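Hi everyone, thanks for making time for this.

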Amino acid sequence: KDLYHTLFESHLAYGISVWGGASNHKLEALFKMQKRCIRILFGDKDAYLDKFRTCARARSYNEQILGPEFFKREHTKPLFSEHKLMTVHNLYFYHCSNEVVKILKHRTPISLFSLFELSQRTGKETLLIHPEPSDCYLYRASVIWNYVRAKLQFTDLSTTSLGSFKSAINKLIAKNQLSGTPDQ
């Protein structure tokens, strides 16, 4: 698991809040590469090696024709769940929500904080009023924050530590990823 975090996820997560909001069809190649890496590192090694142990001519006649079952890949969803790993889409969700909570809690950097518009309604001081729908960070971060805020019921950031927030968001993402619920 350390090898995955060190060599793969660190590169995948670098600057993800900038490029992670790209459309799903652009992220699909990264997601496929992530699943391939997961299969290589955590997949069923014995089943993989058993497939290629002998050449087709050494098998009995009935086993020489390789059907679709032979080329079927191992599912990665159980591997993500077992090792508590996030998909590239959920990494974006995680990093965006962490950055927004830091911006709102510490009100720095002021250049980013001034772009967010907070609700003036009583009891909803942490609700972000998001701009027109677009692919920009401000819109996506606002939508993600409002979703997280509603799911985790955050109303006061001054009493919440970053550690407890990260733990809560990790649990939320793990639950959604396990159930197959989209992150938004």
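Let's start with a term: a patch is made of residues with over 30% relative accessible area and no salt bridge, where like charges are joined within 9 Å and nonpolar side chains (Val, Leu, Ile, Met, Phe, Trp, Tyr) within 5 Å. A salt bridge, by the way, is a side-chain nitrogen of Lys or Arg within 4 Å of a carboxyl oxygen of Asp or Glu. Areas here come from the Shrake-Rupley method with a 1.4 Å probe, and for residues only the protein chains shown count as cover.

Now look for Leu3, Leu7, Ile40 and Leu41: they form a nonpolar surface patch with about 410 Å² of accessible area together. Helix H1 (2-13) and helix H3 (24-42) each give two or more residues to that patch. Leu41, in H3, is partly exposed because its relative accessibility is 35%; the cut-offs are under 20% for buried, over 50% for exposed, and partly exposed in between (1.4 Å probe, protein chains only).

Quick housekeeping. This is a predicted model, so local features need pLDDT of at least 70 and side-chain atom pairs count only at pLDDT 80 or more, while totals for chains, interfaces and linings use all residues. Residues are numbered from 1 along each chain as its sequence is written, and side-chain values use heavy atoms, with hydrogens and water left out.

Zooming out, the protein chain has 11 helices and two strands. Helices (H or I, at least four residues) and strands (E, at least two) are DSSP runs, numbered from the N terminus. Of its 184 residues, 33% count as buried.

My favourite part is helix H11 (residues 162-179). Its 18 residues reach 26 Å from first C-alpha to last, close to the 26 Å expected at 1.5 Å a residue; that expected span is 1.5 Å times one less than the number of residues. Which residues of H11 are buried? They are Phe165, Ile169, Leu172, Ile173, Asn176 and Gln177. Down the axis of H11, these fall within an arc of 125°, so they line one face; the arc uses directions from the helix axis to the C-beta atoms. The face turned away carries exposed residues, among them Lys171 and Lys175. The buried ones pack against helix H7 (77-82), H8 and H10. Just after H11, Gly180 has a positive phi of about 85°.

Last stop: Asn146 in H10 (residues 137-152). Asn146 touches Leu127, Leu128 and His130, leaving aside residues up to four places away in sequence; contact means heavy atoms within 4.5 Å.
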